[in-house]
Amino acid sequence: MQIVQVSEVINETNNIKTIKFKLPVESKPGQFIMVWIPGIDEIPMSLSYSDGITVDNVGEATQAIHALEIGSQIGIKGPYGNGFDLSENNFLLVGGGTGIAALAQAAEKLSQSGKNLRIAIGARTASDLLFQERMKAFGEVHVATDDGSSGHHGFVTQVVEKLIAEKKPDMILACGPEPMMVAVVGLAGDISIQCSLERYMKCGFGICGSCQCGKYTVCKDGPVFSGQQLAEIEDFGKWKRDAAGKPVWF
Ligand SMILES: Cc1cc2nc3c(=O)[nH]c(=O)nc-3n(C[C@H](O)[C@H](O)[C@H](O)COP(=O)(O)OP(=O)(O)OC[C@H]3O[C@@H](n4cnc5c(N)ncnc54)[C@H](O)[C@@H]3O)c2cc1C
Ligand code: FES
């Protein structure tokens, strides 16, 4: 565990903040860290920057992260997990809600390597859209909102369908609500795809079994899974375990 000091707090949307810390983490795009908030909890967070996490305020621990100020201290462990394979050339990235946070470093790295990159971002409303401006520096950005307040009026999967029809990518990377990822896997057909999954995590490195998903642990074997692996995971898009190990249906 390393104790790091918060160096910057960025308000991204009404409910999402980026917390940057002084010590960058050497990681592969798609990896995550376990963040310890003293006296509260330890929770998994994708590295949206080498030195930062982007956090949706959904409960006790994330609310405590939102209350951090410059100079506050948190503990971090990791990086954990496998990360994305970025070896192909033409990419389509699909982020739903905070899912784009897990894809952000991949977008940055692909752009630095001169790869062809289209990015589809979905959110409920225009004010919930995350990283729209940041992503424009890395590739062609397409947006969808449920209420039509920005970009396509409807699901991001409808944008994905159009983008695939216009030009088939070699590889799709997706992160977001699991029903969205199931739909994107369906649209991908024979196109290679990698999806980043979320499951309840306690240890973060393959010991406790709380993130078990089919025959895989999401923390160690994932969080990124290929289309072939997803086809073997019966729970994908159907259910996940809560903190007590009980199934929760999507
Ligand atoms: C690999 C991975 C990467 C993630 N990256 C991000 C990210 O970049 N940004 C972001 O906002 N969120 C991310 N999450 C989700 C984040 O971990 C949860 O939102 C957070 O743990 C909620 O904690 P809470 O105490 O605020 O909420 P709670 O009220 O405790 O829970 C709210 C929801 O979060 C889930 N959750 C709670 N604790 C955990 C835990 N230890 N492990 C997994 N899920 C949990 C609960 O099952 C519930 O669905 C990621 C999750 C995983 C597994
Ligand atoms: S979180 Fe313990 S095995 Fe994955």
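Guide: What follows treats the region between the domains, beginning with the chain and ending with the ligand.

The model is predicted. Its chain has 6 helices and 17 strands, and buried residues make up 44% of its 250 residues. The radius of gyration of the chain is 17 Å, which agrees with the value near 18 Å that a compact globule of 250 residues would have. Taken along the principal axes, the C-alpha atoms fill a box of roughly 50 × 40 × 35 Å. Of the contacts with a separation of 6 or more, 58% join residues 24 or more positions apart.

The domain assignment divides the chain into domain 1 (2–80) and domain 2 (90–249). Their centres, taken over C-alpha atoms, are separated by 20 Å. Across the boundary, 17 residues of domain 1 are in contact with 17 residues of domain 2. On the side of domain 1 that touches domain 2, the elements giving two or more residues are β3 (32–37), β4, β5 and β6 (73–80). Strand β6 gives the most, with 3 residues. By class, this side of domain 1 comprises 7 nonpolar, 7 polar and 3 charged residues.

The core has 72 residues, of which V35, L93, A107 and V184 touch the most other members. Helix α2 (residues 99–112) supplies the largest share, 8 residues. The surroundings of V184 can be listed individually: leaving aside residues up to four places away in sequence, V184 touches V94, T157, V160, I172, A174 and I193.

The shell consists of 25 residues, and the closest are I43, S46, G59, A61 and T62. Elements supplying at least two shell residues each are β4 (41–46), β5 (52–56), α1 (60–66) and α2. The largest share, 5 residues, comes from β4. In composition, the shell around ligand 1 has 13 nonpolar, 6 polar and 6 charged residues.

Methods. Residues are numbered from 1 along each chain as its sequence is written. Chains are lettered from A and ligands numbered from 1 in the order in which they are written. This is a predicted model: local features need pLDDT of at least 70, side-chain atom pairs count only at pLDDT 80 or more; totals for chains, interfaces and linings use all residues. A nonpolar core is a set of buried Ala, Val, Leu, Ile, Met, Phe, Trp, Tyr and Cys residues joined through C-beta atoms within 7 Å. A residue is buried if 20 or more other C-beta atoms lie within 10 Å of its own, exposed if 12 or fewer, and partly exposed in between; C-beta atoms are placed from the backbone. Helices (H or I, at least four residues) and strands (E, at least two) are DSSP runs, numbered from the N terminus. Two residues are in contact if their C-beta atoms, placed from the backbone, lie within 7 Å. A residue is near a molecule or strand if its C-beta atom, placed from the backbone, lies within 6 Å of it. Ala, Val, Leu, Ile, Met, Phe, Trp, Tyr, Cys and Pro count as nonpolar, Asp, Glu, Lys and Arg as charged, and the others, Gly among them, as polar. Domain bounds come from an automatic or database domain assignment. The radius of gyration is taken over C-alpha atoms; the globule rule is 2.2 Å times the number of residues to the power 0.38.
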